[in-house]
Amino acid sequence: MLKPSAIPNETQQRMIERRYGMFIHFGINTFNDTEWSDGTLPVDSYAPPKIDADTWIKNAFECGMKYVILVAKHHDGFCMWDTDTTEYGIKHSPNPTDVVKAVSAACQKYGIGFGLYYSLWDRHEPCYSNQKKYVDYMERHLTELLDGRYGRVEELWFDGGWDKKAAEWEIDRLYSIAKRLQPGIAVGVNWTIGEDFPEGVDGHEFWPENYREGMPMRYFPSDFRLLDPKFPPKEDPKLYSHDGQLYYLPFEATICIRNMRNWFWDPQYPCDPLVEASFIAEHYKQLTNQKNCLVVNVAPNIKGEQEADDIRRLKEVRELLYADGISL
């Protein structure tokens, strides 16, 4: 369990030093022109001709990024690794390539940190409505993802916690499993700060721009704050409360390179406007000066490739930062 502290611990300090990463949303939604799906899309609709994971990670490396976060399971419940826990995943699709394994191997090749996104919310799994059975199900997933078969995992990014009461997710149990299997992993839960969701979503009070020191943590003392795609205030407070104790929490911000809202690729994606390089560069400077982190989402397309324009834009960001004397 995270110990109360007014300064970053070793795990948090490593995270702060990573600074800049790439978010990779790729899955069944990519092939169905949707951002969120309800777990009913047919497995055979996921049909990439290839998984160009080596190039994804090479792109991240060449753009100055130090780590990636790959979506292992989104809200639809579709699993992007070789698992026997469900038939809703890549193993039963036209292309059974273990995407988690492919990205992990590429990260090791290029010396890039490897992180995973995992949705708590699962709109496909039949046992989802049974708290005990579903937490057991998630434990099996986390064991597969973190037991070493995919190497070192630097970060675990939970999402979708608004669908149930905070206590029902048993985040303390999931956190303990993650730390046992990967002692140096940084664990965070989206919508970290705030009270329990009364009817699904907070009001503006707990949005990052309104953070104040001492605000409550919703779930459990995890390692960092999340609320995408928002940014903290310039004077970002770092101490937040749980059971009367204060904990240091850095913030990880997200930028979608297309429109600030496209997570998965869609047929109109090449026509969507790219976020300006200056926007990304300025937020990088602000966030890293605050001892926070930034990840930029770059979604592969239905060919299993990232868009060339997206990577050119990230290289423009790198050049802008170099011009300011910032070496990534």
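Analyst: In the hairpin of strand 6 and strand 7, two residues lie between the strands, and Asp243 takes a positive phi near 50°. The model is predicted, so local features need pLDDT of at least 70 and side-chain atom pairs 80 or more, whereas totals for chains, interfaces and linings use all residues. Residues are numbered from 1 along each chain as its sequence is written, and side-chain values use heavy atoms, without hydrogens and water.

Strand 6 (residues 239–242) and strand 7 (residues 245–248) run antiparallel and are joined by four bridges (strands pair at two or more DSSP bridges; strands are E runs of at least two residues, helices H or I runs of at least four, numbered from the N terminus). Tyr248 in strand 7 is the bridge partner of Leu239. Leu239 and Ser241 point one way from strand 6, Tyr240 and His242 the other way, and all are buried (under 20% relative accessible area, 1.4 Å probe, protein chains only).

Turning to the helices, the axes of helix 6 (residues 277–289) and helix 7 (residues 308–323) come within 9 Å and cross at roughly 50°. Ala277, Ser278, Ile280, Ala281, Tyr284 and Lys285 of helix 6 meet Arg313, Glu316, Val317, Leu320 and Leu321 of helix 7 (heavy atoms within 4.5 Å).

For helix 2 (residues 53–62) and helix 3 (residues 99–110), the axes come within 8 Å and cross at roughly 40°. These helices, helix 2 and helix 3, are therefore also oblique to each other. Their contact includes Trp56 and Phe61 of helix 2 and Val103 and Tyr110 of helix 3.

Terms used: Buried means under 20% relative accessible area, exposed over 50%, partly exposed in between (1.4 Å probe, protein chains only). Axes are lines fitted to C-alpha atoms, for helices over the stretch in contact, and angles run from 0 to 180 degrees between N-to-C directions. Angles under 35 degrees count as roughly parallel, over 145 as roughly antiparallel, 65 to 115 as roughly perpendicular and the rest as oblique.
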